[in-house]
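Good morning, and thank you for making the time. Please keep the structure in view as I speak.

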Amino acid sequence: MAELKEADAAQLHQEDVDNKCGDGGDGPFVAEETLKSETATDADAKPSITTAERHLSIQTKLEGLEMLVDLSGAGRKSCPLCPEEKFKACYSHKLRRHLQNLHWKVYAEFEGYRMCICHLPCRNVKPSLSGDHASGRHVAHYHCVVCSVTIARKTDMISHLKRHVNKGETEASYSGTSDVLFEEPSPSGQAYEIMKELGTNVQLLPNHTTPQKSDTYFNRKMKTNRQLVFCSLAVLAEERNPVECLDAFGATGIMGLQWAKHLLNAVRVTITDISETCVKMIKENCKLNNIRVDGGMRVPRGSDGASGEVEGVPIATVEVAKMDANVIMHLRPFDYIHLDPFGTAVNYLDAAFRNVRNLGIISVTSTDTGSLYAKSPNVTLRHYGCHIVRTEYYRELAARMVVATVARAAARCNKGIEVLLAVALEHFVLVVVRVLRGPVQADESAKKLRKLMHCQWCEERVFLKLGNMVDDTLPCNCHGSLPGKTAVQLGPLWSGPLFNTGFLRRMLSAAVKHSMDDIQPLVKTLIYESECTTLKSLVHGPSALTNQVECGVVIKTLNTGEESGAADQSGKRKIADESGNFVKKLKSDAALDHPPFYYSIHRHSIRGMNMPKLNKFLQYLTEAGFRVSRTHFDPTGVRTDATLLQFKSVLTKYSVPTCTNASATQTSVSVEKTV
């Protein structure tokens with residue numbers, strides 16, 4: 001009976017089709033076109049699949065994986081990540097164990113997301129030994145959270161994710177691309193991409209990560225560098241108002257736009273670049289952020305402006321100029337200059353120190369890590385005039401080498417420097433210095449350029465004093481116990497301190513004020529390192545900004561200088577003022593400076609011994625009477641005023657034998673007793 005009913009329904013349907021075809025001459029073709037149009041309409045009505053729609057095997061919690069199936073209902077249920085032939089339908093309690101033990105525990109993790117293993121036929125069928133695809137089997141795999149590609153091996157997926165990270169392609173950036181606005185095409189026919197950082201929108205070309213092929217190079221990994229530079233400028237803006245600041249290498253202009261958008265009337269920003277393409281893009285980014293370009297038309301903005309802004313009124317003004325960095329620094333004076341060229345910045349230091357104002361700040365970012373980290377010693381000698389070798393403290397060596405080059409450039413202009421901040425991370429070396437005018441200050445800075453004696457065997461190091469002989473300088477006895485020469489001279493390097501505690505505390509206050517949570521741990525580590533202490537008590541706020549002495553100069557901020565009168569507000573200095581508002585060089589207290597360089601606890605570990613935990617070891621060094629702190633240059637490094645021999649003695653004292661040695665000793669003792 002059922003077969004007869006189906007046959008009758010098929011016959012009625014065929015009669016309806018014949019009737020429709022009889023109404024028009026092109027019946028079959030009209031029906032086919034109607035079907036195609038309906039299919040196209042349905043395809044248009046479906047939402048397009050974006051990268052924000054992740055595969056169901058990518059979850060953040062186990063509950064999300066269990067919600068794919070109704071485990072509370074009765075009856076047998078199938079696994080949502082396995083085909084029926086691999087895992088048959090079962091009851092809820094067994095399916096829950098299957099999801100937990102097989103899928104949730106076998107995963108690859110990236111930024112809080114678990115890419116659980118998937119057994120669905122998402123990939124091509126793996127052929128059998130005979131080459132037949134039909135008799136083959138499906139391969140278990142993982143779905144990438146960034147680009148949705150399927151990869152079989154977990155190690156290959158981890159390597160694939162590392163390539164995304166190196167390119168700056170993360171899950172957050174991809175999930176936001178569905179909301180990215182594309183403006184008018186660029187002259188090359190490519191569309192702009194909108195990127196937001198610290199509340200500032202910038203347009204980027206699709207090839208912005210390849211500097212060889214793009215004029216508007218943008219590096220997402222330099223976010224830490226941009227935030228550190230911003231905080232140093234915010235500290236200077238508290239001392240004088242307004243601050244004439246220069247971003248000498250604008251590229252996309254994101255750094256100068258962040259200055260203008262967050263510091264507003266406290267700064268007068270000038271962004272320059274020699275590329276016409278970069279200048280056009282900087283002006284477009286100014287329009288995008290409701291910032292008026294100096295000398296141009298006022299830009300009416302509507303809903304694109306920031307929240308709380310008046311419609312059609314620019315929030316700040318930025319001067320954009322197509323000019324070489326050396327030219328503009330020779331023409332105009334500035335209070336703050338930031339140099340961030342592609343590679344080394346030695347070609348721009350002379351022009352930067354020529355017109356920088358007294359007590360101004362110059363920040364230098366060097367990205368030529370090949371020459372800074374002793375991978376290309378011939379380039380290092382050519383650019384920086386220093387001889388270096390690869391050491392355990394190579395990052396601090398690079399920072400001191402850049403500071404020495406900056407000090408020589410300042411001395412040529414009869415100016416001295418005081419280092420406020422020196423950071424060396426994986427991709428860059430950032431140095432922030434305050435400029436002091438006068439030949440006396442220049443002489444004081446030049447005296448801190450010294451050679452470094454380095455033992456290539458035990459890696460002990462010590463700065464040579466002025467006029468000191470080379471012989472018997474190192475405290476180690478490697479020269480007497482080993483044949484040949486074991487020590488080399490490195491440098492000349494900067495032998496003074498690399499940090500200023502007062503300036504770093506004010507930077508921490510600026511980071512808290514502007515909600516820069518990413519760099520606050522780094523700035524706190526720098527404060528501990530500058531004081532060479534392991535104390536975890538930090539005060540940031542108005543109470544921490546009083547009585548700040550930097551470079552032997554008492555620095556008054558606008559917040560604490562209300563009682564100084566109108567003369568202080570205008571920036572003029574009073575003669576013989578007891579408050580220290582005039583430039584007065586104080587005697588340096590060597591005991592307050594942090595010790596140079598650091599030791600790696602792993603480099604000097606004893607073979608066959610278990611080292612103590614790093615925090616415990618810092619406590620042991622403190623109990624032994626040494627100043628000690630951790631360092632940002634190396635996560636396993638220890639900055640201390642102890643010599644290498646004293647460092648090793650404390651490490652040996654608190655190290656214990658490994659379990660294998662202890663068990664072997666016990667076995668030998670038991671054998672002796674038996675005999």
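Asn 290 is buried, as its relative accessible area is 3%; buried here means under 20% relative accessible area, exposed means over 50%, and partly exposed lies in between, with a 1.4 Å probe and protein chains only. Asn 290 sits in the loop between α9 (276-288) and β10 (291-293), where helices (H or I, at least four residues) and strands (E, at least two) are DSSP runs, numbered from the N terminus. The phi angle of Asn 290 is near 60°, a positive value in a residue other than glycine.

Before I continue, a word on the basis of all this: the model is predicted, local features need pLDDT of at least 70, side-chain atom pairs count only at pLDDT 80 or more, and totals for chains, interfaces and linings use all residues. Residues are numbered from 1 along each chain as its sequence is written, and side-chain values use heavy atoms, with hydrogens and water left out.

Glu 111 also has a positive phi in a residue other than glycine, near 50°. Glu 111 belongs to the loop between β2 and β3. Is Glu 111 buried or partly exposed? With a relative accessible area of 44%, Glu 111 is partly exposed.

Two peptide bonds deserve a mention as well. Asn 241 and Pro 242 are joined by a cis peptide bond, with omega about 0°, and Pro 242 lies in the loop between α7 and β8 (243-247). The bond from Gly 491 to Pro 492 is cis, with omega near 10°, and Pro 492 is found in strand β18 (residues 487-494).

Let me turn to the chain as a whole. It contains 22 helices and 25 strands, and 45% of its 675 residues count as buried. Among contacts with a separation of 6 or more, 64% are between residues 24 or more positions apart; contact means heavy atoms within 4.5 Å.

Arg 461 lies in strand β17 (residues 461-463) and is buried, with a relative accessible area of 8%. Which side chain does the side chain of Arg 461 meet in a polar contact? The partner is the side chain of Glu 392, at 2.7 Å. A polar contact is a pair of N or O atoms within 3.5 Å; within protein, one must be able to donate a hydrogen and the other to accept it, and residues adjacent in sequence count only if both atoms are side-chain atoms. The side chain of Arg 461 also reaches the backbone oxygen of Tyr 598, at 2.8 Å. Leaving aside neighbours within four places in sequence, the residues in contact with Arg 461 include Leu 452, His 454, Leu 474 and Phe 597.

His 604 comes to Glu 392 as well: a polar contact of 3.0 Å joins their side chains. His 604 is placed in the loop between β21 (599-600) and β22 (609-610), and is buried at a relative accessible area of 3%. Not counting residues up to four places away in sequence, His 604 touches Cys 458, Tyr 599, Leu 644 and Phe 647, among others.

I now come to a pair of helices. The axes of α7 (residues 223-239) and α8 (residues 254-263) come within 11 Å and cross at roughly 40°. Axes are lines fitted to C-alpha atoms, for helices over the stretch in contact, and angles run from 0 to 180 degrees between N-to-C directions. The two helices are therefore oblique to each other: angles under 35 degrees count as roughly parallel, over 145 as roughly antiparallel, 65 to 115 as roughly perpendicular and the rest as oblique. On the α7 side, the contact includes Val 229, Phe 230 and Leu 233, and on the α8 side it includes Met 255, Trp 259 and Leu 263.

Finally, look at strand β5, where Ile 151 lies. Ile 151 counts as buried, at 14% relative accessibility. Leaving aside neighbours within four places in sequence, Ile 151 is in contact with residues including Arg 123, Tyr 142 and His 160. Ser 148 is in the loop between β4 (142-143) and β5 (150-151), and counts as partly exposed at 42% relative accessibility. From C-alpha to C-alpha, Ser 148 and His 55 are 7.5 Å apart in space, and they are 93 residues apart in sequence.
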